[in-house]
Amino acid sequence: MQIQIEGWEDGHPFKRTLDVLDRWAVHNSLRVVVKACGTEVSIKQSPGALSEQRAGVGACLWDASFVLTAFLGAPSHSAWHWVKGSVEVVELEWGQPNSMQVIDSLRGQSPDFVIAADCLYIDEGGSTPKVDHFVDACAALCGSFTQCFVALEQRSTSVMQAFFMKTRNAGFHVERMRANAEMMSLQAEHIVVLKLTKTD
Ligand SMILES: C[S@@+](CC[C@H](N)C(=O)[O-])C[C@H]1O[C@@H](n2cnc3c(N)ncnc32)[C@H](O)[C@@H]1O
């Protein structure tokens, strides 16, 4: 996996490749290009909007997204099949009154995978997502054969404890994924990838 960042520094354009994760550098870049498994994904960012109410923490990429990419992209990860095709994007804001209706509208067949990166945290300047709402959404999305991969940055013991308690109560088995070489090279030991599967 390769992470390339682009932007402006002291009035000059820059483009460089990151050897290890560097949140400050990523959050000061206008574009991030991630190359993994023969695929290149280019993402435009708005660092200036990080502190704004509307985009908030969603304005830029966070470390857990790279760790999850490194996990899913590993050739040894047999559960993942790369498929070419098109995607349909649907907005889902868990905890909103219509969130379960949105999930119901997606249901034909349960998905093979549900993936989430850095969706639980404490946002002192903005809005803090509720662990219950997030896990309820995962529980509604997942069927008995769905593998749900959640990458979490371990910032808060109370958030982690609430997550483990809520997932257990929601009937999930939670397994911590072992870091592969690609993940280790990112030097992100503070980020865990957990696999949630329904126990019933
Ligand atoms: C720290 S950012 C992570 C963004 C991206 N997944 C990544 O790893 O780079 C947290 C994301 O969770 C989203 N989020 C927070 N609460 C949410 C909710 N109730 N429903 C949907 N998304 C939510 C935020 O909008 C933001 O995009």
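**Figure 1. Contacts across the predicted model.** Of the contacts (heavy atoms within 4.5 Å) between residues at least 6 apart in sequence, 64% join residues at least 24 apart. The model is predicted: local features need pLDDT of at least 70 and side-chain atom pairs pLDDT 80 or more, while totals for chains, interfaces and linings use all residues. Residues are numbered from 1 along each chain as its sequence is written, and side-chain values use heavy atoms, without hydrogens and water.

**Figure 2. The Trp94–Phe134 ring pair.** Four aromatic pairs are counted in the protein, taking rings of Phe, Tyr and Trp (its six-membered ring) with centres within 6.5 Å; planes under 30 degrees apart are stacked, over 60 edge-to-face, and the rest tilted. Trp94 and Phe134 are edge-to-face, because their ring centres lie 5.2 Å apart and their planes stand at 70°. Trp94 is in the loop between α2 (63–73) and α3 (99–106) and Phe134 in helix α4 (residues 131–141), so the pair ties together parts 40 residues apart in sequence. Helices (H or I, at least four residues) and strands (E, at least two) are DSSP runs, numbered from the N terminus. Trp94 is partly exposed at 27% relative accessibility, whereas Phe134 is buried at 2%; buried means under 20% relative accessible area, exposed over 50%, partly exposed in between (1.4 Å probe, protein chains only).

**Figure 3. The Phe113–Phe149 ring pair.** Phe113 and Phe149 are stacked, 6.3 Å centre to centre with 25° between the planes. Phe113 belongs to strand β5 (residues 113–117) and Phe149 to strand β6 (residues 147–153), so this pair links parts 36 residues apart in sequence. Phe149 is buried, with a relative accessible area of 0%; Phe113 is partly exposed, at 22%. Ring pairs join Phe71, Phe113 and Phe149 in a cluster.
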